[in-house]
Amino acid sequence: MQISSRFTLAVHIIACIDVFGDNYKVTSDFLAGSTNVNPVIVRKLLGQLKAAGLVEVARGSGGASVSRPLNEISFLDIYHAVECIEHGALFHFHENPNAACPVGNNIHLILDDRLRRIQKAMETELASITMEDVSQDARKLIDGNEIQRNQSGGAGD
């Protein structure tokens, strides 16, 4: 099982809004260029993030902005905003275990509590990471890359 790429795309989008928002109008086309996905997908994600109160989007080509302080936006907030998990459950059980089989008849009793604990652990970890953490790392890496480019670009002059 794999969590949809919507989650990582949404994190990427919010990071771009934060990093570039002061210097550029951050539109769905701009974000599509960074994420390398279709602007329609970006707009859909922006709509979900907006509905969750994580971003604001100006009509037309007004651009997007983050609507809360980054330290108040957790990965769990983003996950809940963009992931479609049925009835709040991360794990989807196969539909018809064989009731005549001793394992099939008891598989829910065997797994349900364990799967709930796994989901709770994942959600606890998602809640502990904020977009401020991501933004700080992005800015350090961007600044470090700029320093390296300037040093290597100046060496041959």
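This is a predicted model: local features need pLDDT of at least 70, side-chain atom pairs count only at pLDDT 80 or more; totals for chains, interfaces and linings use all residues.
User: Okay, so which residues of α4 and α5 meet?

Analyst: From α4 you have Phe75, Leu76, Tyr79 and His80; across from them in α5 sit Met122, Glu123, Leu126 and Ala127. Sorted by class, that contact has 6 nonpolar, 1 polar and 1 charged residues. For the classes, Ala, Val, Leu, Ile, Met, Phe, Trp, Tyr, Cys and Pro count as nonpolar, Asp, Glu, Lys and Arg as charged, and the others, Gly among them, as polar.

User: How many helices and strands are there, and how do they follow each other?

Analyst: Helices (H or I, at least four residues) and strands (E, at least two) are DSSP runs, numbered from the N terminus. The protein chain has 6 helices and 2 strands, in the order α-α-α-β-β-α-α-α from the N terminus on.

User: What is the angle between α4 and α5?

Analyst: Axes are lines fitted to C-alpha atoms, for helices over the stretch in contact, and angles run from 0 to 180 degrees between N-to-C directions. Helix α5 (residues 102–128) packs against α4 at about 115°, with the axes 6 Å apart.

User: And how do α3 and α4 cross?

Analyst: Their axes come within 8 Å and cross at roughly 115°. Leu45, Gln48 and Leu49 of α3 meet Ile78, Ala81 and Val82 of α4. That contact divides into 5 nonpolar, 1 polar and no charged residues.

User: Why does glutamine 48 count as buried?

Analyst: Buried means under 20% relative accessible area, exposed over 50%, partly exposed in between (1.4 Å probe, protein chains only). Glutamine 48 counts as buried because its relative accessibility is 17%. You'll find glutamine 48 in helix α3 (residues 39–51), and leaving aside residues up to four places away in sequence, glutamine 48 touches Ala81 and Val82.

User: Where is serine 74, and what does it touch?

Analyst: Look in the loop between β2 (63–66) and α4 (75–82). Serine 74 is buried too, because its relative accessibility is 9%. Not counting residues up to four places away in sequence, serine 74 touches Leu126, Ala127, Ile129 and Thr130.

User: What share of the chain is buried overall?

Analyst: Buried residues make up 31% of the 157 residues in the protein chain.

Technical notes. Residues are numbered from 1 along each chain as its sequence is written. Side-chain values use heavy atoms; hydrogens and water are left out. Contact means heavy atoms within 4.5 Å.
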